[in-house]
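Subject: Structure for you to look at, with notes

Dear colleague,

Here is the structure I promised to pass on, and I would be glad if you could read the notes below with the model open beside them.

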Amino acid sequence: MASSPLGAQLADESRRRKALEAADLERPEHARVLTVSNQKGGVGKTTSTVNIAAALADQGFNVLVVDIDPQGNASTGLGVPHSAETDSIYDVLIDDLSFADVVADCPDLDRLQVIPATIHLAGAEIELVSLVAREQRLQRALDQYHQYREENGQERLDFVFIDCPPSLGLLTVNALVAAKEVLIPIQCEYYALEGLSQLLNNINMIQKHLNPPLQVSTILLTMYDGRTNLASQVAEEVREHFPEAVLNAMIPRNVRISEAPSYQQSVITYDRGSTGALAYLEAAAEIVQRG
């Protein structure tokens, strides 16, 4: 059995699960705020936001997901209502509501909260243009929420993940100004690095003018198919370009990861024993350890 491909895979996964159980994951000294961004669509950005956040909450960390994508897929994936009538991140950015007014608990994981996005966000890019301090509105709301939690005797947040739209407009700028770290998911496919230079230029510009501490701390390889030479070549190329930032954990193509959103769940709660869940638990643990 062990000599068959399936046997080898099971033995490998068993070893990885044991390593995860033995890992010592300490709370960060301060809340870590990571913006998950890539203007290229379909790279596993929202999927990674949802599943890494869920994996960290599963490990006992206090996690907040801010959904700033008008499609609201992160809200869906974590089982949080985001119909047009729901108070959401739109009301925070445009009408100065506080996070405390709009935050929702993820029904599946105790330590995971979500600031939902609604379709109203689609017009927010235009509405933000005329507002005062338009690039800092998300940052200010997040700072106030940290303070609110402290004043109301709530445990502090350990991680905040901001899920961006696949574009480089004002919503993404707000997300990059509010964070100290950028997490870039890159799919292991032919056009992986195309368009990345534009994103890095934008990050540099925001670093220079609006948020000097911002850095690309994490790059996550997604949709990895170990059976193809192409995936290995892309992974190698990305590691060559960003040796410090690329996580060792890679997210494979996995049916369970694809199925989970249709049940409004992360893969961690949908099928914790799956290969996909294991990969995201490993990625989350690595993010903690690199902190």
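This is a predicted model: local features need pLDDT of at least 70, side-chain atom pairs count only at pLDDT 80 or more; totals for chains, interfaces and linings use all residues.

Residues are numbered from 1 along each chain as its sequence is written, and side-chain values use heavy atoms, with hydrogens and water left out.

The sheet

Eight strands make up an open sheet of mixed pairing, in the order 3-4-2-5-1-6-7-8; helices (H or I, at least four residues) and strands (E, at least two) are DSSP runs numbered from the N terminus, and two strands pair if DSSP finds at least two bridges between them. The edges are strand 3 (104-105) and strand 8 (246-252), each of which pairs on one side only.

Strand 1 (residues 32-36) is largely enclosed by the rest of the structure, because five of its five residues are buried, where buried means under 20% relative accessible area, exposed over 50% and partly exposed in between, with a 1.4 Å probe and protein chains only. Arg32, Leu34 and Val36 point one way from strand 1, whereas Val33 and Thr35 point the other way. Strand 1 runs parallel to strand 5 (residues 159-163), to which five bridges join it, and Val36 has Asp163 of strand 5 as its bridge partner. Strand 1 also pairs with strand 6 (residues 181-187), again in the parallel sense, over three bridges, and there Thr35 is the bridge partner of Val182. Strand 5 in turn pairs with strand 2 (residues 63-67) in the parallel sense over five bridges, with Val65 standing opposite Phe161 of strand 5.

The helices

Helix 8 (residues 170-178) packs on the sheet, where it touches strand 1, strand 5 and strand 6, contact meaning heavy atoms within 4.5 Å. The direction of helix 8 makes about 155° with that of strand 1; the axes are lines fitted to C-alpha atoms, for helices over the stretch in contact, and angles run from 0 to 180 degrees between N-to-C directions.

In helix 10 (residues 229-241), the buried residues include Ala231, Val234, Ala235 and Val238. These four lie on the same side of helix 10, because they cover an arc of only 100° around the axis, the arc being that of the directions from the helix axis to the C-beta atoms. The face turned away from that buried side carries the exposed residues Asn229, Glu236 and Glu240, while the cover over the buried residues includes strand 6, strand 7 (215-224) and strand 8.

Tyr145

Tyr145 belongs to helix 7 (residues 137-151) and counts as buried because its relative accessible area is 3%. Leaving aside residues up to four places away in sequence, Tyr145 touches Leu64, Phe99, Ala100, Val103, Gln113, Gln154 and Leu157.

The cysteines

The structure holds zero disulfides, a disulfide being a pair of cysteine sulfur atoms within 2.5 Å. For Cys164, the nearest cysteine sulfur is that of Cys106, 20 Å away. Cys164 counts as buried because its relative accessibility is 0%, and Cys188 is likewise buried, with a relative accessible area of 4%.

With best wishes
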